[in-house]
Amino acid sequence: MLPGPQKAIYCPYCEQVLSYQTLSSGNTFGATRWSDGKQVAPMMPLPPDIAKCAHCAQCFWLETAEACHDCEPTSHWTGPLIRKGIPVPLVSVPTEQDYYDAFCADFFEDKDQEIRARVLAWWRCNDPQRLPNPPPFDWKARKTELWRDNLLSLEYLLDEQTDEHYLMKAEIFRHQGYYDSAESCLRAVKTPELQGIVKQMKQWCAEGNTRVMPLL
Ligand SMILES: [Zn+2]
């Protein structure tokens, strides 16, 4: 894995300068695929799709931010940036609550972008369970109104009769404990290569398991 140079952008809200780390080359060695569709690849650290500003704490789509060209690396070419003698802070990944705070009609350009954003919020909620020593799992504490609203919106948006949408909906239903609805979506998945995942998910439904799980 080789990091690329940091790049500088203007926050679209406060117009202050921020940076993000790029990747020169990466690979999926040691990557884990999770039941909610997220792949965690330590050797492929990509910039976040949605970034949080270190100055004003607003969230925005990184690809829409305007580039800033008058920054320099402090030492090595992949190192932190400096502008007019002042270090440029890195963007951060939004918290689950940050995503919910940012979500409004203007935040999504189209349906695909809304699905992407809502899936990112859902993944962020599941992230603590991906740690090597995850905190005790408390389903009831996780079931907040905003969490539920987000999953309801995803259920509504994932309306295509594709295996990808069926699998993701099945997982969203399973996370909420709606095992019959989850199994109904799983039965609609026809691709032979996905039947291993379908079998695992059916097993978790049968066990009453609502946690995000690593795929074998
Ligand atoms: Zn800002």
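## Helix α4

The expected span of a helix is 1.5 Å times one less than its number of residues. In this predicted model, helix α4 covers residues 145-157, and its 13 residues should therefore span 18 Å, which agrees with the 18 Å that separate its end C-alpha atoms.

Three residues of α4, namely Asn150, Leu151 and Leu154, are buried, and because they cover an arc of only 95 degrees around the axis, they lie on the same side of α4. On the other side of this helix, Glu145, Arg148 and Tyr156 are exposed. The cover over the buried residues of α4 includes α1 (96-102), α2 (111-126) and α5.

## Two domains

The chain is divided into domain 1, with residues 2-87, and domain 2, with residues 96-207. The centres of these two domains, taken over C-alpha atoms, are separated by 26 Å. Where the domains meet, 10 residues of domain 1 are in contact with 13 residues of domain 2, and the side of domain 1 that touches domain 2 has four nonpolar, two polar and four charged residues.

## The largest nonpolar core

In soluble globular proteins, nonpolar side chains tend to be buried together. The largest nonpolar core here has 36 residues, of which Leu18 and Ala170 touch the most other members. Helix α5, at residues 163-175, gives the most to this core, with six residues, and the core draws at least three residues from each of domain 1 and domain 2.

Leaving aside residues up to four places away in sequence, Leu18 touches Ile9, Cys11, Cys53, Ala54, Val88, Pro89 and Val91.

Terms used: Residues numbered from 1 in each chain as written. Predicted model: local features only at pLDDT ≥ 70, side-chain atom pairs only at ≥ 80, totals over all residues. Core = buried A, V, L, I, M, F, W, Y, C linked by C-beta atoms within 7 Å. Buried ≥ 20, exposed ≤ 12 C-beta atoms within 10 Å, placed from the backbone. Helix = DSSP H or I, 4+ residues; strand = E, 2+ residues; numbered from the N terminus. Domains from an automatic or database assignment. Contact = placed C-beta atoms within 7 Å. Nonpolar A, V, L, I, M, F, W, Y, C, P; charged D, E, K, R; others polar. Arc of directions from axis to C-beta.
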